[in-house]
Every structure is written in C-alpha cells, then in structure tokens.
Amino acid sequence: MSHDGPLPLDPADVRPRYRGYVGFVTTPRFFDDSPQQFLAVAPEGIGVCQRVLHVPDYAYGLDQRARNFGLLEEAAECLAAAHCQVVGQAGTNWVHTKGTTPDEIAAFCDDLSDRMGARFLMAGHCIVEALRTLGARTIAVSNGYYRDDWRDGINRYLTQAGFEILSSGHMRDQGLYASLEEQVAVEEATVWDHPDRDVLESIRLAHAAAPTADAVVQTGSGFRTTPHVAGLEAECGKPVVASDGALYWAMLRELDLGDPVAGRGALLESL
C-alpha cells in the first residue's frame with residue numbers, strides 16, 4: 001500500500017528516550033563497572049554515559065590524583081554537555097587527595113554544578129552526606145583494599161566531617177591478607193574486582209571491632225558492595241554505607257524520579 005508524503009508523526013513519540021540522563025567520571029586504568037552496577041539498582045528508564053580519566057602511566061598514587069584533579073572538571077563538563085543531568089565521580093579518595101576538607105569539597109561540587117548546569121557529585125563526599133541523612137555519629141570503617149595513605153586520608157576526611165571513628169582498617173590490618181604483595185596478586189587476577197569474600201569479611205570485621213557504632217562504612221568504591229548491603233545490615237543490625245551505594249543514592253536523589261528502590265538496604269530504600 002503506497003502513500004503520499006511523510007508518515008504521520010505520533011505526538012507520543014516526540015519525547016526523550018530516557019527518563020533520566022546520568023554520567024560517570026571514572027578512575028584511569030580501571031575497568032569501572034559503576035554504570036552497569038548503577039543500572040542494576042536504579043529504576044528502569046535511565047540512560048548512562050561514562051568517561052574514563054586519561055592519565056598516562058597512572059599508578060594509583062594520591063600525588064597523581066592531586067596533580068590531575070582538574071581533569072575531573074573537564075570530564076564532568078563533557079558529560080554535562082552531552083545532556084547528562086547528574087554526573088557522579090567514582091573513586092572515593094579524590095575528595096581528600098589535595099588536603100581538601102568536606103566543606104571545601106561541598107563548595108567545589110556546588111560551584112562546578114552551577115557552572116556546567118548539571119549536578120556534580122563526588123563519591124567520597126556522598127558517604128558523608130549519606131551518613132548525615134541516616135543520623136549516624138559514630139562509625140566503624142572498613143577500608144577494604146586501601147593502601148596506608150588512602151586509609152589515613154579518607155579517615156581524616158570523615159573525622160573532619162564530624163564523625164567519630166570507633167574502628168578502622170584495611171584488609172591487611174584485619175588479617176585478610178598477610179602482605180600487600182599477596183593482595184596485589186588478587187587485584188591483578190581479578191582486574192581490581194575483589195572476590196565477595198573480601199567485601200563481606202572486611203565489613204563484618206569492621207563491625208565486630210566496634211559493634212556499638214551507629215553505622216558501618218565501606219570506603220572503597222572499587223568494592224562492589226551494593227548487592228550485599230541488605231544481607232549485611234540484617235547481620236549487623238545497622239546501616240551499611242558503602243562508597244558505591246552512597247554515590248548511586250545521591251545520583252538517584254538528584255534525579256528524583258519518585259520510584260522506590262527495594263531490597264538494597266536502608267540508604268537506597270530511603271529514597
């Protein structure tokens with residue numbers, strides 16, 4: 001059957017493909033699957049972009065992050081120009097790598113958000129905002145796969161934010177690995193995606209070291225904690241605030257789609 005002229009356009013088709021548009025700024029030389037993990041948590045209908053920072057010869061040093069802090073702005077601005085409404089920076093340690101305080105990071109995020117016309121969020125500071133939202137004052141900290149200076153830096157940041165750390169330690173402090181060399185071998189074999197044993201046991205040990213803490217914190221966004229939070233909270237009897245889940249919570253809060261998130265722990269279920 002032939003017809004003359006263009007097919008009629010259904011007004012219902014004249015709309016954005018996605019309900020929300022988000023972007024992730026991720027760490028150099030790391031296969032960060034935050035976008036996939038985020039989509040597993042988020043309501044249906046969200047589109048995701050990712051931009052990996054490019055730092056040649058990157059070796060995960062805090063000094064390299066400090067020298068390249070400006071790349072966060074460049075990447076965020078690119079994602080905002082690509083119509084992302086919310087841009088989340090994955091990688092907890094960037095908030096303290098230049099010696100910045102929580103107030104300074106909050107001001108930086110607000111200023112960048114205003115300039116680029118999209119909300120910019122940093123994972124390390126999302127932990128702070130999540131703990132404040134939950135009303136936590138005392139915390140037990142699992143520093144996971146961190147190196148000593150990463151552990152010390154993020155713990156200092158959390159203390160500056162007003163939280164009392166009752167216990168903290170990375171997996172070597174906790175006895176899960178005998179040496180950094182042993183841990184690095186696992187990181188290389190898994191492409192920095194630690195086995196579930198590491199995620200679960202590090203958080204359990206942090207809680208056991210300070211069972212009276214208001215919340216348990218997992219600081220490393222390289223740990224995929226979100227799938228385990230509900231079960232861990234049932235064991236611990238208190239909120240578990242992890243870097244990945246705190247960032248997803250903050251991004252979804254900004255999108256404000258009105259859809260509940262079920263079965264993902266106290267923080268995400270508070271949306």
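1. Basis. The model is predicted; local features need pLDDT of at least 70, side-chain atom pairs count only at pLDDT 80 or more, and totals for chains, interfaces and linings use all residues. Residues are numbered from 1 along each chain as its sequence is written, and side-chain values use heavy atoms, without hydrogens and water.

2. Sheet. Four strands form an open sheet, ordered S6-S5-S7-S8, with parallel pairing. Pairing takes at least two DSSP bridges; helices (H or I, at least four residues) and strands (E, at least two) are DSSP runs numbered from the N terminus. S6 (164-169) and S8 (240-242) are the edges: each has a single partner strand, so one side of each lacks a neighbour in the sheet.

3. S5 and S6. Strand S5 (residues 138-142) runs parallel to S6, joined by five bridges. Ala 140 has Ser 167 as its bridge partner in S6.

4. Helices. H6 (residues 148-160) packs on the sheet and touches S5 and S6, at about 165° to the direction of S6. H10 (residues 243-255) lies across S7 (215-218) and S8, at about 85° to S8. Contact means heavy atoms within 4.5 Å. Axes are fitted to C-alpha atoms, for helices over the stretch in contact; angles run from 0 to 180 degrees between N-to-C directions.

5. Lining. S4 gives the most to the lining of the largest pocket: four residues.
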